[in-house]
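Welcome, and please bring up the sequence and the coordinates side by side. We will walk through a few places together, one at a time.

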Amino acid sequence: MDRDSTTSAAVNTTVIIAAVVAVLVSAVLAPVAYDFAQSSQSEGTVSVVSVSGPITDSRVDSIAEDLREVRQNDSAKAVVLKVDSGGGAVGPSERLYLEVLRTSNEMPVVASVQGFGASGAYYGMLPANEIFVLSSAQVGSVGVIGSAGTVPIPDSIIRTGPDKAQPTTEQRRQQIESLKRQFVNRVMDHRKQNLTISRERIAYARTYLGPRAVEIGYADSIGELPAAIDRAAELADMESYDINRKEPPQTRGFIFATEVNDRIQLYRQPMNGEQPVPVKRPLMINQVPYHDPGVSHNASR
Amino acid sequence: MQAGEFKRPLQVFVGIVIIVLIGAVALPFVTGTASPAADNLASQQTDQSSVRVADYANRSAETGTIELDQTPQSKTILIDRAHGNQLDDEKLSTMVNALVKAGHEVQIASQSQARGSAWNESLRGADALVVVNPTKTYTQAQLAGVREFANGGGRVLLLADPSSVSTGGIFGFATREQSTQSTALTSALGVSAQSGYLFNMNEYENNFKGIYASGVSGPLADGIDRVVLRDAVSVQSASGQTALRTGEDTRRESTRRQDAFSVAVTTRNVAFIGDSDFLAPQSVYTADNEVLVGNTLSFLITGKKRPNVPSEPEPESERGAPVPSGPSGPSTPSGETITPLPR
């Protein structure tokens with residue numbers, strides 16, 4: 001009798017332990033099973049690619065690699081560019097433009113401007129099917145800025161011609177003017193259906209807040225990132241989709257302060273040799289976005 | 001467990017690996033490995049003709065020579081460098097070379113020639129005065145001297161550029177705006193300049209600040225169809241005449257007002273041009289700029305100044321410090337004198 005009751009208690013204990021273990025295992029496996037079931041119903045993936053900070057060679061290398069992976073991935077059906085950049089150097093900006101164009105030739109691309117989508121960053125997002133902006137976003141700055149000449153080369157350096165490493169101010173004006181025309185041309189090409197301002201006004205290189213940017217045709221809609229993702233999926237004819245986020249690699253750096261316009265400005269110097277970038281402050285009205293000190297997309301055409 | 005018992009599983013393992021690897025190698029030969037053709041998007045998206053600037057249709061021809069009017073005798077031209085004048089050596093050399101080549105004498109007024117009575121003394125020895133972008137103020141005595149100089153037949157050329165912004169600081173990020181102190185001088189001579197540079201977004205020379213201006217009337221406008229001014233301001237005169245005027249779609253930066261702005265005016269003995277960059281060697285032979293240089297220098301050497309003008313100045317105080325009466329400054333000009341070439 002006692003032996004039977006002891007055996008029964010042991011069985012009950014084992015059952016309880018088994019039940020607890022089963023619940024724990026199920027709790028771990030259920031999300032996996034849920035995701036699996038959900039993925040099996042997904043019609044494809046919307047890839048979110050970040051375009052943030054100054055547009056530099058290394059940053060565009062990373063973005064180009066992300067976009068190439070997306071193009072080669074059969075499950076990727078659309079791309080959303082998550083943009084927060086005030087521009088950068090000319091070469092990388094054109095490379096970004098061409099990479100986005102190559103991608104948009106294969107699948108829908110939607111840009112979502114978070115803070116800044118100006119200058120070279122705006123250049124890069126031009127091929128997007130649609131551009132979403134926040135009300136506080138600053139968009140535009142269609143133009144180029146660059147130094148008027150180079151530092152004089154000492155006589156101890158031997159050159160093979162007067163223009164070697166020493167362009168004249170007039171030559172620089174012509175180069176910058178040519179780059180500006182190319183930028184404005186491409187804005188006209190890609191946004192001509194929406195633009196309500198003239199080519200001359202575009203060349204003023206003004207930066208517009210989101211609502212005004214939509215009015216003049218620089219952007220298509222006011223909306224946040226999830227709305228842009230949903231729109232990208234819609235353009236790709238997907239009702240059920242997965243989201244794959246591609247964030248840029250983090251770079252180390254140090255902070256230094258310098259005087260700008262009689263005010264102290266903090267700059268962050270990346271360790272990878274890139275140009276120093278200003279440390280962001282809370283958004284101010286009419287705040288001028290950062291522009292690369294070298295030739296960069298920013299002013300007028 | 002005997003070692004022989006591992007033999008069978010090992011054979012299966014190796015067999016599977018070999019089959020998979022052979023399959024991986026053979027698959028590309030079966031399916032084909034041609035790389036997808038890459039479209040040359042950069043070429044497709046570039047319109048060569050629209051981005052070409054050097055051969056732009058309205059590009060100005062860089063030809064011509066600087067020609068000055070003939071005068072019966074050599075004239076002395078005093079160029080002010082005593083008031084922190086923003087005039088680089090290249091622009092200065094354009095004026096000096098043309099004047100010296102034509103047989104005239106050029107004196108460069110140093111700071112010592114602006115102290116006390118030395119300023120008026122320098123003016124008395126000159127036939128014409130050139131003042132470009134002064135950044136230091138003129139004393140009342142100096143202003144009176146220049147006014148008397150112009151009223152006495154001495155020719156005065158004023159050149160004014162917009163405020164300039166220079167960079168500095170440890171990392172080159174600090175900026176400093178440098179504006180000129182010419183308002184008192186220009187108003188004393190009956191002319192004035194507006195703040196803010198002029199620009200044109202429709203018709204320009206390589207850059208929106210490189211505006212065109214056409215000749216209107218007066219000695220400065222003779223033979224000028226169109227000149228290029230790289231960084232100009234609008235100038236006015238109540239009693240004078242407009243010498244150069246911009247196109248009607250020119251705008252002023254500070255107000256964005258669109259108008260045909262006068263950029264050069266002349267009165268009887270004063271010429272005021274709202275730009276000095278046309279003297280830079282890179283701009284001298286663009287469009288009709290060399291004609292403008294010739295007209296401007298001819299204006300300087302064709303005046304008829306009365307002798308002993310201006311008269312001896314009244315004693316004055318500079319910055320509150322008492323100045324002894326009489327010729328307290330150097331009795332002779334201590335600035336550089338450039339004599340004419342042998343003719």
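Which residues of helix α8 (residues 225-235) of chain A are buried? Before the answer, a word on conventions. This is a predicted model, in which local features need pLDDT of at least 70 and side-chain atom pairs count only at pLDDT 80 or more, while totals for chains, interfaces and linings use all residues. Residues are numbered from 1 along each chain as its sequence is written, chains are lettered from A and ligands numbered from 1 in the order in which they are written, and side-chain values use heavy atoms, with hydrogens and water left out.

Now to the helix. The buried residues of α8(A) are Leu225(A), Ala228(A), Ile229(A), Ala232(A) and Ala233(A). They lie on the same side of α8(A), because the arc they cover around the axis is only 140 degrees; this arc is that of the directions from the helix axis to the C-beta atoms. Behind the pattern is a general rule: an α-helix has 3.6 residues a turn, so residues three or four places apart point the same way. Here, buried means under 20% relative accessible area, exposed means over 50%, and partly exposed is in between (1.4 Å probe, protein chains only). Helices (H or I, at least four residues) and strands (E, at least two) are DSSP runs, numbered from the N terminus.

What covers that buried side? Among the elements covering the buried residues of α8(A) are β1 (45-52), β2 (76-85), β3 (109-118), β4 (130-133) and β9 (242-246) of chain A, where contact means heavy atoms within 4.5 Å. Glu130(A) and Arg231(A) meet through their side chains in a salt bridge, at 2.6 Å from N to O. This pair links distant parts of the chain, with Glu130(A) in strand β4 and Arg231(A) in helix α8 of chain A, 101 residues apart. A salt bridge is a side-chain nitrogen of Lys or Arg within 4 Å of a carboxyl oxygen of Asp or Glu. Glu130(A) is buried at a relative accessible area of 14%, whereas Arg231(A), at 23%, counts as partly exposed. After the helix comes Asp237(A), whose phi is positive, near 60 degrees.

Next, look at the nonpolar interior. A nonpolar core is a set of buried Ala, Val, Leu, Ile, Met, Phe, Trp, Tyr and Cys residues joined through side-chain atoms within 4.5 Å. The largest one has 48 residues, and Leu81(A), Tyr122(A), Ile131(A) and Tyr218(A) touch the most other members. Helix α3 (residues 90-104) of chain A gives the largest share of this core, 5 residues. A second, separate core of 41 residues includes Ile224(B), Leu244(B), Leu279(B) and Phe299(B).

Leu81(A) sits in strand β2 of chain A and is buried, with a relative accessible area of 2%. Leaving aside residues up to four places away in sequence, its contacts include Val49(A), Leu67(A), Val100(A) and Met125(A). Under that same exclusion, Tyr122(A) touches partners including Ile131(A), Val187(A), Arg191(A) and Tyr218(A).

Two loops of chain A deserve a look at their backbone. Most residues other than glycine have a negative phi, and most peptide bonds are trans. Ser119(A) has a positive phi, near 55 degrees, in the loop between β3 and α4 (120-125) of chain A, and is buried at 0% relative accessibility. Ala165(A) has a positive phi of about 60 degrees and lies in the loop between β6 (144-145) and α5 (169-191) of chain A; at 48%, Ala165(A) is partly exposed.

Chain B has 9 helices and 17 strands, and buried residues make up 45% of its 343 residues. The peptide bond from Val309(B) to Pro310(B) is cis, with omega near 0 degrees. Pro310(B) is found in the loop between α9 (289-301) and β17 (336-338) of chain B.

For charge pairs in chain B, turn to Asp89(B) and Arg81(B), whose side chains meet in a salt bridge at 3.3 Å, N to O. Asp89(B) is exposed at 55% relative accessibility, and Arg81(B) is partly exposed at 28%. Over all chains, the count comes to 19 salt bridges.
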